[in-house]
Each structure stands twice: as C-alpha cells, then as structure tokens.
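Subject: Structure for your files

Hello,

The structure is below, followed by notes on what was found in it. Please keep the two together.

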Amino acid sequence: MPMPELPEVETIVNGLRGPLIGRTFTGVRVGWENIVARPAVPEFQQRIRGQQILGIRRRGKYLIFDLSRGDSLIIHLKMTGQLTVRPGDAQADKYGHTVFDLDDGCQLRFLDTRKFGRVYLVADEGEVVGSLGPEPLADNFTLSDFSALIRERAGTLKPLLLNQKFIAGIGNIYADEALFVAGIHPQRKAGTLMGNEIKRLYQAIRQVLCQALADEGTTFDGAYRKVDGGEGGHQENLLVFQRKEQPCPRCGSTIERIVVGGRGTYFCPCCQK
DNA sequence: CTAAAATCCTGGTGGC
DNA sequence: TGCCACCAGGATTTTA
C-alpha cells in the first residue's frame, strides 16, 4: 500500500484545478485534530474562511494552494490520503476527517484512513517546503546537478533517494523502479557510483517518473485515487515493485524483497549490482 | 556525517 | 469463526 508520490500528487493537482480555482472557502470541519499540523484548529478554521483559491501547485509530495490573503494551504497525503470534490449534500465519507466547504456548495474532502496526512495553513510556505531538495523533473535539474549531489554523499543509495531533502518527490515505488532501470543495487553506497552509473540513475529517475505521470500514477490496494475516483494505470507497468518471486522482466531471474533503511525493497539480484 | 529506532495510525493478514 | 499479535509505511524526532 504505497503512498502518493510525485506522479500521483501531480495528477491530483491537475484534477483539482478545474473544480477549485476561483472558489472561496466558506468553512472547514475538522474531525481529527492531529491532521491539522498548524496553526491550532480554531485559528485554522477562522483564517481559511473567506480566502479564494488563486492557484494549485505541487512541490515534492506536497500540494500547495495559493490563497487570496497571501496564505498557503499545504496538504501532504502521506500514505492513505485522498482528495475528492463532491456536492455538499453528497453522502459523508467514512474517513472524511477534514472537509472544506466551498462557495459553490461543493466540498473539498480530505479522506485518510490512517490519519497520517497533514494540513498546514501558513503565510510563508518555506516553513513547510523550504528544506526540500530539487525537483527531479525540473528543466533546470541537470545531470551535473545530480552528479554533484550524489558525490557529496556517503550513505546507502535507496534511503538517499527517499530523503526529501536530497531530492523531492520520490517514494518507495519509484526508488525501486528507478534503481532497477539503472541496473544499480539499492544497497550501494552513493560514493561508490561511477560516472556512467550516476548518469544511468539520473536518466532512470526522470524516465520512470515521466512514464508514471503519463499513466496518471500507480494505484495499489485502492490507496491512491484520482480526484474523480478513478485508478491510475502505472501498476500495469511496474517492473520490480511488489513483484517478489516473479520473474525479472529483463533477465528472468527471480525478483527478491529485502529491507533497506526499514523499507521493503524489491530488486533483481542479477541485473542490479 | 550516517543510521537505527521510536512515533503516529488502522486495515489487512496469518496463526491457531 | 473469532481472536489477536503483527506489519506496512513517510516524515520527524530521538538516540547512538
């Protein structure tokens, strides 16, 4: 049950713009206080009321709503968070812990079975997303940028790819997929990568994320849903993730699952060195 | 610096 | 059938 990563969050942002740009928040119900990271719930409710949604963006795995009084509403879906837009009189969702009312009578509903997701309302978005690493798909994120970042690190490669301060937006699915495409073992130390390996990894990260984006994300166990409730398509194109004991699509060897940095990790012991 | 462990949560799973 | 211990997992915090 993987969480939304860069391609999933980007797909959700794209789906939210149509129904939400130009709308104004008229209130918000908070059914589980811990989901509001800051400010305190009463201030959160009072301060968001009357603010219009001017824009919606993604940064890493965060959604950022630019609001009319200068605030940013920032949402992280973590593992099981979903966002839907529904008529206000539609049936309540079982896990709709945070429900935003809009001036057209609809609601933006933040559903989250495991309650790991978080919502922030801040004047300065930097206090939430300011320490994130570069966007891997940005035009100005070059091979030499990536190479420089990799060379100054000594740690195990896979946890490094999951470190949002190192590079933003990669999670467990696409870390495994990118390492497979690059032919690199997840437990390699960053400092041992040769120039050609760094290049392969850079290209693999961008290729894997781009394809997942084109597929509108990966839906596993129904955990990630598009705004319209539909599933993504990339689960059909996964090469190693969640394919333990199945044949490697490249060499036919048996895909293994190990734990790296506390995370379930899938790889081909033949193709990845 | 790296890294391991604990924390937050609950649906799903496997054992008996 | 039912009970229950246990697990996954992102990011943060704490501890080594």
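Helix α6 (residues 172–182) is largely enclosed by the rest of the structure, because nine of its eleven residues are buried. Buried means under 20% relative accessible area, exposed over 50% and partly exposed in between, with a 1.4 Å probe and protein chains only. Helices (H or I, at least four residues) and strands (E, at least two) are DSSP runs, numbered from the N terminus. The buried residues of α6 are Ile-173, Tyr-174, Ala-175, Asp-176, Glu-177, Ala-178, Leu-179, Phe-180 and Ala-182. They pack against α1, α5 (157–162), α7 and β11, where contact means heavy atoms within 4.5 Å. Gly-183 follows α6 and has a positive phi, near 70°.

This is a predicted model: local features need pLDDT of at least 70, side-chain atom pairs count only at pLDDT 80 or more, and totals for chains, interfaces and linings use all residues. Residues are numbered from 1 along each chain as its sequence is written, chains are lettered from A and ligands numbered from 1 in the order in which they are written, and side-chain values use heavy atoms, with hydrogens and water left out.

Two residues in contact with other parts of the fold

Phe-267 is found in strand β11 (residues 263–267) and counts as buried because its relative accessibility is 4%. Not counting residues up to four places away in sequence, Phe-267 touches His-185, Pro-186, Ile-255, Glu-256, Ile-258 and Gln-272. Its C-alpha atom is separated by 8.3 Å from that of Glu-177, 90 residues apart along the chain.

Thr-218 sits in the loop between α7 (195–214) and β10 (256–260). Thr-218 is buried, at a relative accessible area of 3%. The side chains of Thr-218 and Tyr-174 are joined by a polar contact of 2.7 Å. A polar contact is a pair of N or O atoms within 3.5 Å; within protein, one must be able to donate a hydrogen and the other to accept it, and residues adjacent in sequence count only if both atoms are side-chain atoms. Beyond four places in sequence, the residues that Thr-218 touches include Glu-8, Ile-173, Tyr-224 and Leu-238.

Helix pair

Leu-6, Pro-7, Glu-10 and Thr-11 in α1 meet Leu-209, Ala-212 and Leu-213 in α7. By class, this contact has five nonpolar, one polar and one charged residues. Ala, Val, Leu, Ile, Met, Phe, Trp, Tyr, Cys and Pro count as nonpolar, Asp, Glu, Lys and Arg as charged, and the others, Gly among them, as polar.

DNA

DNA strand C is surrounded by 16 residues, the closest being Met-3, His-76, Met-79, Arg-114 and Arg-263; a residue is near a molecule or strand if one of its heavy atoms lies within 4 Å of it. For Lys-61, a polar side-chain atom is 3.1 Å from a phosphate oxygen of DNA strand C.

The residues that surround DNA strand B include Trp-32, Tyr-95, Arg-114 and Lys-189. Of the atoms of DNA strand B within 4 Å of the protein, 61% belong to sugar or phosphate and the rest to bases. A phosphate oxygen of DNA strand B is 2.5 Å from an N or O atom in the side chain of Lys-115.

Regards
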